[in-house]
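Here's a quick briefing to read alongside the model. Have the sequence and the 3D view open, and look things up as you go.

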Amino acid sequence: MPDGTSPETGTGPRDAVESLIRRGMAARREDRPDEAMRHMKAAVALARRGEDPLALARALHGQANVERDRGRLDAAMRLYLEAVPLCRHGDDRLVHAHTVRHLGDVLREMGDLDKAGRCYAEALPLYRADPAAPPLDAANAVRSAAILCEALDEPDQARQLWLEAHGLYREAGVEAGVSESTAHLERLG
């Protein structure tokens, strides 16, 4: 349409991208990976035609999450790597933190522990500095860093991170996270 609205939703391009991302996330939660991928690819394609770097970053992140769910770590990594610089120049610290953390998780899963550590070192201060950061998101980021510290045989740092994760999971009301943190703390002594 000439005014920049989407014929599908009647809203601007960012809203149309966000709508596709929401549909993809819903399909992902409901274990419909093919549908999730269709929505995320459509979001990426639409965002690439626009001039909104944050919308593109969110769409790339969404598609990367679906790729990761499918065990396609290389594809997920490429998408996260494209999204991270867009996030760094945007104004949404939580999108930045989530994207860098997920890149770190993929790198850790692929065995690139040094690069994963750099990602967590970038993401954790973003979560900690944002009072609007949901405790569960912060807890998951701290958990990722704690797992990395254990893999690097850094028990003191891992212990501190598991204590922080324990508190955040308790605040979020996620008993599975509290239990996991407690188990790791007991094992670390």
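**A first look at the fold**

Buried residues make up 44% of the 189 residues in this protein, where buried means under 20% relative accessible area, exposed over 50% and partly exposed in between (1.4 Å probe, protein chains only). Keep in mind that this is a predicted model, in which local features need pLDDT of at least 70, side-chain atom pairs count only at pLDDT 80 or more, and totals for chains, interfaces and linings use all residues. Residues are numbered from 1 along each chain as its sequence is written, and side-chain values use heavy atoms, with hydrogens and water left out.

**Overall build**

- The protein has nine helices and zero strands; helices (H or I, at least four residues) and strands (E, at least two) are DSSP runs, numbered from the N terminus.
- Its radius of gyration is 18 Å, close to the 16 Å that the globule rule gives for 189 residues, so the protein is as compact as a globular protein of that length. That radius is taken over C-alpha atoms, and the rule is 2.2 Å times the number of residues to the power 0.38.
- Along its principal axes, the C-alpha trace spans about 65 × 30 × 30 Å.
- Take the contacts (heavy atoms within 4.5 Å) between residues at least 6 apart in sequence: 50% of them join residues at least 24 apart.

**The nonpolar core**

- In soluble globular proteins, nonpolar side chains tend to be buried together.
- Here, the largest nonpolar core has 57 residues, and those with the most contacts inside it are V17, A59, L103, Y127 and L161. Such a core is a set of buried Ala, Val, Leu, Ile, Met, Phe, Trp, Tyr and Cys residues joined through side-chain atoms within 4.5 Å.
- Leaving aside neighbours within four places in sequence, V17 is in contact with A43, L46, A47, A55 and A59.

- L148 sits in helix α7, which covers residues 135-151. With 5% relative accessibility, L148 counts as buried.
- Not counting residues up to four places away in sequence, L148 touches R108, L113, A116, G117 and Y120.
- From C-alpha to C-alpha, L148 and P13 are 39 Å apart in space, and they are 135 residues apart in sequence.
- H184 belongs to helix α9, residues 175-188, and counts as buried because its relative accessibility is 12%.
- Again not counting residues up to four places away in sequence, H184 touches E150 and W162.
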